[in-house]
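Visitor: I would like to learn how to read a structure like the one about to be shown. Could we go through a few features together, one at a time?

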Amino acid sequence: MKMEGFLKSKGQTLGKWNKRYFKYDGAERTLKWAAEKDSEGFAKWKASITVDSVSKMPGPGYRFDVVGYDARGQPLELRLAAETNEVRRQWLATLEEGNEIHAEQEEGIEIHAEQEEGNGVQARNAEAKMEE
């Protein structure tokens, strides 16, 4: 799943709300942003975050938080705001769905690894019985 569009982002230094262009790639769980999108529709990406969680923020405006880590592995929290409640709902649903799919894939990998480990133990036990 993918989603892109303009949101407002609260600056970490001055706390000012800035309009930014965001693009989410659910396969990679990556949300990247740019200060603007040029006339041909291309953005010069400023930074990105690998999304771990999202949450709706109370209060005025259609705000939500995105928590994760940057390209260097450092923790990062983005405070974002949508133009409408419907746009916020769409972003939250897309980001949450991407995280759920990723969690299911990781769980499947862990189960597969445990099964293979169990098969290896069974094979070693069978070999030991044959040697007796």
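Visitor: Is T94 buried or exposed?

Guide: Before anything else, please keep in mind that this is a predicted model. To place a residue on that scale, one looks at its relative accessible area, and under 20% counts as buried. T94 has a relative accessible area of 13%, so this residue is buried.

Visitor: Where does T94 sit, and which residues does T94 touch beyond those up to four places away in sequence?

Guide: T94 belongs to helix 1, and, once residues up to four places away in sequence are set aside, T94 touches M1, M3 and Y24.

Visitor: Which residues touch the most other members of the largest nonpolar core?

Guide: That core has 18 residues, and L31, V66 and W91 are the ones that touch the most other members. Two or more residues come from each of several elements, among them strand 1 (2-10), strand 3 (30-37) and helix 1 (85-131), while strand 6 gives the largest share, with four residues.

Visitor: What is W91 in contact with, leaving aside its neighbours within four places in sequence?

Guide: Apart from those neighbours, W91 is in contact with M3, E4, G5, L7, F22, Y24, L31 and F64.

Visitor: How many aromatic pairs are there?

Guide: Aromatic rings are paired by the distance between their centres, and the angle between their planes then describes the arrangement. Here the count comes to three aromatic pairs. In one of them, F22 and W33 lie 5.9 Å apart from centre to centre with 35 degrees between the planes, which is a tilted arrangement. This pair links distant parts of the chain, since F22 is in strand 2 and W33 is in strand 3, 11 residues apart. Both partners are buried, F22 with a relative accessible area of 0% and W33 with one of 9%.

Visitor: Which residues form an aromatic cluster, and what lies over the face of F6?

Guide: One aromatic cluster is formed by F6, Y21 and W45, and over the face of F6 lies K19, at 4.8 Å from the ring centre.

Visitor: What is the phi of R29?

Guide: As a general idea, most residues other than glycine have a negative phi. R29, although not a glycine, has a positive phi, near 55 degrees. R29 is found in the loop between strand 2 and strand 3, and with a relative accessible area of 8%, R29 is buried.

Methods
Residues numbered from 1 in each chain as written. Predicted model: local features only at pLDDT ≥ 70, side-chain atom pairs only at ≥ 80, totals over all residues. Heavy atoms only, no water. Core = buried A, V, L, I, M, F, W, Y, C linked by side-chain atoms within 4.5 Å. Buried < 20%, exposed > 50% of the residue type's maximum accessible area, 1.4 Å probe, protein only. Contact = heavy atoms within 4.5 Å. Phe/Tyr/Trp six-rings, centres within 6.5 Å; stacked < 30°, edge-to-face > 60°. Lys NZ or Arg CZ within 6 Å of the ring centre and 35° of its normal.
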